[in-house]
Amino acid sequence: MNKLLNYDIEYGIVVGLHDYPNLEQVKLCQCNLVLYVYEGHPYYEKEKIPLDMLRDEDIIIMNESFHIYNDFIKACKIKGFTPNIKAKTMDGGTLMHLCRQKTGIAISPKFEDEAPAGLNAIAFEEPYH
């Protein structure tokens, strides 16, 4: 983003919308966010879940460098709670590994049709991208 704003590059691909008046943005794609749950967790068999059911759960999420973190915190506060962030990472593989190790349940974009082995991807009842 800094290279775009400093005119070091003419175009780039960024994640999320940014509030810069001189930056033209075109949405290329959008991913739904899902909750990854490990086998044996009480939510494992669910197909959909409301965000407020995460009130007392240990959450694994990408760190503050990613807009997903701040968006998730805001969404939880709108629902009236502060989430219990158990672990933050900069790597999607680590996120899934920690979830499989039952460190907590993971918030992540759903990039693939199938969840990684040992995990179930559960959609949110609220529209959450």
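This is a predicted model: local features need pLDDT of at least 70, side-chain atom pairs count only at pLDDT 80 or more; totals for chains, interfaces and linings use all residues.
Residues are numbered from 1 along each chain as its sequence is written, and side-chain values use heavy atoms, with hydrogens and water left out.

**Exercise 1.** Work out which residues of α2 are buried and why they line one face of the helix.

*Solution.* 
- Step 1: take the helix itself. α2 covers residues 67-78; helices (H or I, at least four residues) and strands (E, at least two) are DSSP runs, numbered from the N terminus.
- Step 2: pick out the buried positions (under 20% relative accessible area; exposed is over 50%, partly exposed in between, with a 1.4 Å probe and protein chains only). They are Ile68, Tyr69, Phe72, Ile73, Ala75 and Cys76.
- Step 3: look down the axis. These buried residues fall within an arc of 165 degrees, so they line one face of α2; the arc is that of the directions from the helix axis to the C-beta atoms.
- Step 4: recall the geometry. An α-helix has 3.6 residues a turn, so residues three or four places apart point the same way.
- Step 5: turn to the other side, where Lys74, Lys77 and Ile78 are exposed.

**Exercise 2.** Find what follows α2.

*Solution.* Step past the end of the helix to glycine 80, whose phi is positive, near 95 degrees.

**Exercise 3.** Describe the largest pocket by its volume and lining.

*Solution.* 
- Step 1: the volume is about 1,200 Å³. A pocket is an open set of points on a 1 Å grid over the protein atoms alone where a 1.4 Å probe fits, with protein on both sides within 12 Å along at least five of seven lines; lining residues have an atom within 4 Å of a point. Grid points are joined across faces, edges and corners, and the volume is the space filled by probe spheres set on them.
- Step 2: of its 39 lining residues, Val14, Val15, Gly16, Cys29 and His67 are the closest to the centre.
- Step 3: β1, α2, α3 (92-100) and β5 each give two or more residues to this lining, and α3 has the largest share, with 4 residues.

Notes
The expected span of a helix is 1.5 Å times one less than its number of residues. Ala, Val, Leu, Ile, Met, Phe, Trp, Tyr, Cys and Pro count as nonpolar, Asp, Glu, Lys and Arg as charged, and the others, Gly among them, as polar.
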